[in-house]
Amino acid sequence: MAGPRKIASFRLPPLPTIGEVIKLYNLRAEKQLSQNFLLDMRLTDKIVRQAGSLRDAHVCEVGPGPGGLTRSILNAGAADLLVVEKDNRFIPGLKLLSEAAPGKLRVVHGDILTYRMDRGFPDVITKAWEDDPPDLHIIGNLPFSVSTPLIIKWLENISNRTGPFVYGRTRLTLTFQKEVAERLTASTASRQRSRLSIMAQYLCTVKSCFTIPGRAFIPKPEVDVGVVHFTPLAQPQIQQPFKLVEKVVRNVFQFRRKRCLKGIQMLFPEAQRPELAEVMMREADVDPTLRPTELSIPDFRALADAYSHLCSENQGLLTYDFREELRLKHLHRRPGSCSNGTQQPV
């Protein structure tokens, strides 16, 4: 009796190298778009391996450019690869790749910041949030200019279970400027601990994979690049709305060298500042002398819960912005201003 036959894995047919594609289509990395090409297939294969098994998986690649990482994803066995590319110069080369992988590669000319990924994949792949992650991955060698706003957008999507996360706990494998990668993964008391550390880690398991030296890219960036893997948590470590958590964390870290109390105070109108800040710190049971980098995720959870409680008791507090209060105060002090902030007629 014949043994079971192995299913042959998909391999792309012989194609021009990425370098040849760049020459063929006269492609050039645009500095103002912070584009850097990664031509070494050993490195693109290594990035793809960080995502886990892609055999028969659905994948969205962000900003494929000339298609080096795209080839590695296809060779890893992805059944359905959707690439979203904003720069129309790369579309012909990606279509060439699509013809070489019939039925496997879809090319979208669009901006990932506005693209509706919740409509990009079949509903059948959806998993309940508490279950294992769906067989859907987001992978990208991101331009530096878009990496931070994009991960913040996706973190908010994770909190709301919208966008790519309507399908469940979709995993992400992304590149960042090394300093940003270090912030995303920084632990409590680390010098790199930041707003980004808290926002990512309260929602995800965040893993630093490896660093790619800048010399591997064309043109060579001034910094190295870090590869980071995200798996959304089944239960976020802070059970408050994203905007509220972000506001508390942002206020605390704006005075990163001061005691955390300084940033907490700025959550409140000047007239109530000492009183409400004291109430919040007491309710959260957080040491007010700690520096922002020394606060743990449980500390931020306690602070967010205490702030939420105060917002429920003080109408308008959630929308209060100390910068706006400061702006109005400066406006009132200008010569020729009335007490209501309007200009007196000359």
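This is a predicted model: local features need pLDDT of at least 70, side-chain atom pairs count only at pLDDT 80 or more; totals for chains, interfaces and linings use all residues.
Trainee: Let's start with charged pairs. How many salt bridges are there?
Mentor: The count comes to 14 salt bridges. Side chains of opposite charge can pair when their charged atoms come close.

Trainee: Okay, which residue does E179 pair with?
Mentor: With R183, at 2.5 Å from N to O. Both sit in helix α6 (residues 178–185), and because they are four residues apart there, about one helical turn separates them.

Trainee: Which residues get joined into a network?
Mentor: R195, E246 and R250, through salt bridges that share partners.

Trainee: And what does E156 pair with?
Mentor: E156 forms a salt bridge with K243, and their closest N and O atoms are 3.6 Å apart. This one links distant parts of the chain, since E156 is in helix α5 (residues 144–160) and K243 is in helix α8 (residues 242–253), 87 residues apart. K243 is exposed, with a relative accessible area of 57%.

Trainee: What about R116, who's its partner?
Mentor: D118, with 2.8 Å between N and O. R116 is partly exposed at 40% relative accessibility, and D118 counts as partly exposed at 22%.

Trainee: Switching topic: where does D80 lie?
Mentor: In strand β3, which covers residues 80–85.

Trainee: Why does D80 count as buried?
Mentor: Because its relative accessible area is 11%, and buried means under 20%.

Trainee: So what does D80 touch?
Mentor: Leaving aside residues up to four places away in sequence, D80 touches A57, H58, V59, K104, R106 and F121.

Conventions
Residues are numbered from 1 along each chain as its sequence is written. Side-chain values use heavy atoms; hydrogens and water are left out. Helices (H or I, at least four residues) and strands (E, at least two) are DSSP runs, numbered from the N terminus. Buried means under 20% relative accessible area, exposed over 50%, partly exposed in between (1.4 Å probe, protein chains only). Contact means heavy atoms within 4.5 Å. A salt bridge is a side-chain nitrogen of Lys or Arg within 4 Å of a carboxyl oxygen of Asp or Glu.
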